[in-house]
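Q: I would like to learn how to read strands, ring pairs and charges over rings in a model. Can we start with the last of these?

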Amino acid sequence: MKRKITRQLETWKNSDHRKPLVVMGARQVGKTYSVLEFGRANYAAVLHVDFAEHPDLLRLFSGGVEPERLVRLLGEYFSTRVDPETTLIFFDEVQRCPEAITSLKYFCESAPEYDVIAAGSLLGTTVRQRAGLFPVGKVDLIAMRPLDFEECLWALGHEDLADLIREASRNSRAFALHDRCMELYRRYLLVGGMPEPLSLWIAQRQMDVVRRAQENIATGYLADITQYTEGLDGAMVLAAWRSMPRQLAKDNTKFQYSAIRSGARSKTYAPCIEWLKDAGLVEPVTHITDAVRPLEAFAEDNNFKLYLLDTGLLSSLYRARMEDVLPQGDKAAVFRGGLTENYVCQQLVTAGIKPYYWGVASKSEVEFVFETRGGRVVPVEVKSGKNVGAKSVRSFADKYEVPYVVKVTARNFGFENGVRNLPLYAAFTLDEDAEA
């Protein structure tokens with residue numbers, strides 16, 4: 001599958017100041033596949049050091065982490081010559097070998113001629129649990145997530161359609177293929193962007209097959225929670241994870257500890273939430289008291305929303321079907337609202353945008369606010385249907401005098417009275433607003 005991370009990997013390779021690269025992300029988002037494809041396309045050889053497949057490799061690192069020694073040992077182990085000019089060294093599942101993580105510092109300092117990439121899941125949790133392990137300042141970092149909707153269109157063979165959506169977004173003109181794109185968007189809500197379920201949908205077009213793959217991924221995450229929550233009560237982390245569908249099916253999608261269990265307190269469960277964040281399983285969106293740049297200065301760490309890493313996994317946990325995500329005036333509208341927010345969050349973070357939220361749900365709330373590279377503040381209101389007003393974003397615009405506001409809805413493209421409407425399927429084009 002064509003992935004956006006490839007451009008980041010190419011930028012890293014062509015940089016005059018590159019350091020060893022660490023690719024972080026949850027299990028099953030496609031880290032290994034993407035790095036190997038990049039390596040095969042850009043190097044004569046890839047030395048794939050997979051600590052899961054070859055656990056005996058750990059012994060090679062136990063005697064020291066000097067790059068010259070490691071390169072010679074690895075060359076002998078794999079019966080190959082490691083040429084710094086033409087070989088990519090790829091440490092895979094690197095969280096299983098702390099010494100390999102430590103070695104990245106020395107590759108940076110004493111052997112910069114080697115191109116080294118390390119990837120692994122649960123890296124964030126490993127680093128947090130073992131203070132001093134991560135070579136801060138000695139590595140470059142990339143976070144990888146599931147496919148966004150544009151990448152999904154590429155995978156489905158709709159690259160031209162993705163380009164047409166971007167053109168329509170720039171022009172803010174009604175798009176002739178709007179209804180078709182809304183159908184594809186609703187399917188994405190169910191299938192999501194995890195590579196395996198998406199591949200199965202492309203190959204077989206059977207949602208029961210997709211659901212089994214999603215359930216297997218979720219089961220793997222549950223196993224990680226029970227096995228790798230050192231110093232934490234795994235049952236409590238599990239309870240926090242399992243509360244996510246309930247958290248996002250409320251009128252107010254702000255994370256509430258009481259939704260985990262009655263009487264739950266932040267003091268007890270905050271470390272569990274941090275573990276889920278470090279594992280890449282949830283995306284935090286923090287409340288800001290004022291939408292003034294820099295936004296981070298006004299963030300409230302104890303007031304936040306959490307979204308799942310993938311909307312397909314979320315819909316799987318709901319056991320949602322296509323009829324459940326079609327617009328209709330029933331009680332499930334609250335569930336659709338949370339699922340839609342999760343989808344838009346996924347598009348934002350995959351584009352490298354750090355979102356916040358502003359306001360109060362019962363009065364005037366803007367679901368996402370972000371800061372552009374040029375320092376402009378952009379409010380984004382999200383609605384799952386067509387019959388929506390613009391009260392919250394207009395209130396935001398009046399208060400902060402922004403040039404325009406964005407509404408992401410089921411409506412077609414349009415721009416009127418300072419409100420720019422983006423159809424839900426065009427949420428990935430917000431990356432262009434972020435560049436302004």
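A: A charge sits over a ring if NZ of Lys or CZ of Arg is within 6 Å of the ring centre and within 35 degrees of the ring normal. The model here is predicted. In this model K277 lies over the face of F304, at 5.2 Å from the ring centre. K2 lies over the face of W154, at 4.3 Å from the ring centre.

Q: How is a pair of aromatic rings described?

A: A pair of aromatic rings is described by the distance of the centres and the angle of the planes. Ring centres must lie within 6.5 Å, and planes over 60 degrees apart count as edge-to-face. The count here comes to 24 aromatic pairs. One of these joins Y188 and Y343: the ring centres are 5.8 Å apart and the planes are at 75°, so the pair is edge-to-face.

Q: Where do Y188 and Y343 lie?

A: Y188 belongs to helix α9 (residues 178-191) and Y343 to helix α17 (residues 333-350), so the pair ties together parts that are 155 residues apart in sequence. Y188 is buried, at a relative accessible area of 1%, and Y343 is buried at 0%.

Q: What are the distance and angle for the rings of F413 and Y425?

A: Their centres are 6.0 Å apart and their planes are at 80°, so this pair is edge-to-face. F413 is in the loop between β11 (405-409) and β12, while Y425 is in the loop between β13 (419-423) and α19 (430-435), so the pair ties together parts twelve residues apart in sequence. F413 counts as buried at 6% relative accessibility, and Y425 is buried at 0%.

Q: Which residues do ring pairs link into a cluster?

A: The cluster consists of F51, F61, F91, F107 and Y114.

Q: Now the strands. What is the order in the open sheet of five strands?

A: The order is β2-β3-β4-β1-β5, with parallel pairing. β2 (45-50) and β5 (140-143) are at the edges with a single partner strand each, so one side of each has no neighbour in the sheet. From one strand to the next, the twist averages 20°. β2 pairs with β3 (residues 87-92) over six bridges, and V46 stands opposite L88 in β3. Helix α5 (residues 98-110) lies across β1 (21-24), β3 and β4 (115-120), at about 150° to β3.

Q: What is the pairing in the open sheet of eight strands?

A: The pairing is mixed, and the order is β7-β6-β8-β9-β10-β11-β13-β12. The twist averages 30° from one strand to the next. β8 (residues 356-360) and β9 (residues 364-371) pair in the antiparallel sense over four bridges, with W358 opposite V366 in β9.

Definitions and conventions: Residues numbered from 1 in each chain as written. Predicted model: local features only at pLDDT ≥ 70, side-chain atom pairs only at ≥ 80, totals over all residues. Heavy atoms only, no water. Pairing = 2+ DSSP bridges. Helix = DSSP H or I, 4+ residues; strand = E, 2+ residues; numbered from the N terminus. Axes fitted to C-alpha atoms, helices over the stretch in contact; angles between N-to-C directions. Contact = heavy atoms within 4.5 Å. Phe/Tyr/Trp six-rings, centres within 6.5 Å; stacked < 30°, edge-to-face > 60°. Buried < 20%, exposed > 50% of the residue type's maximum accessible area, 1.4 Å probe, protein only.
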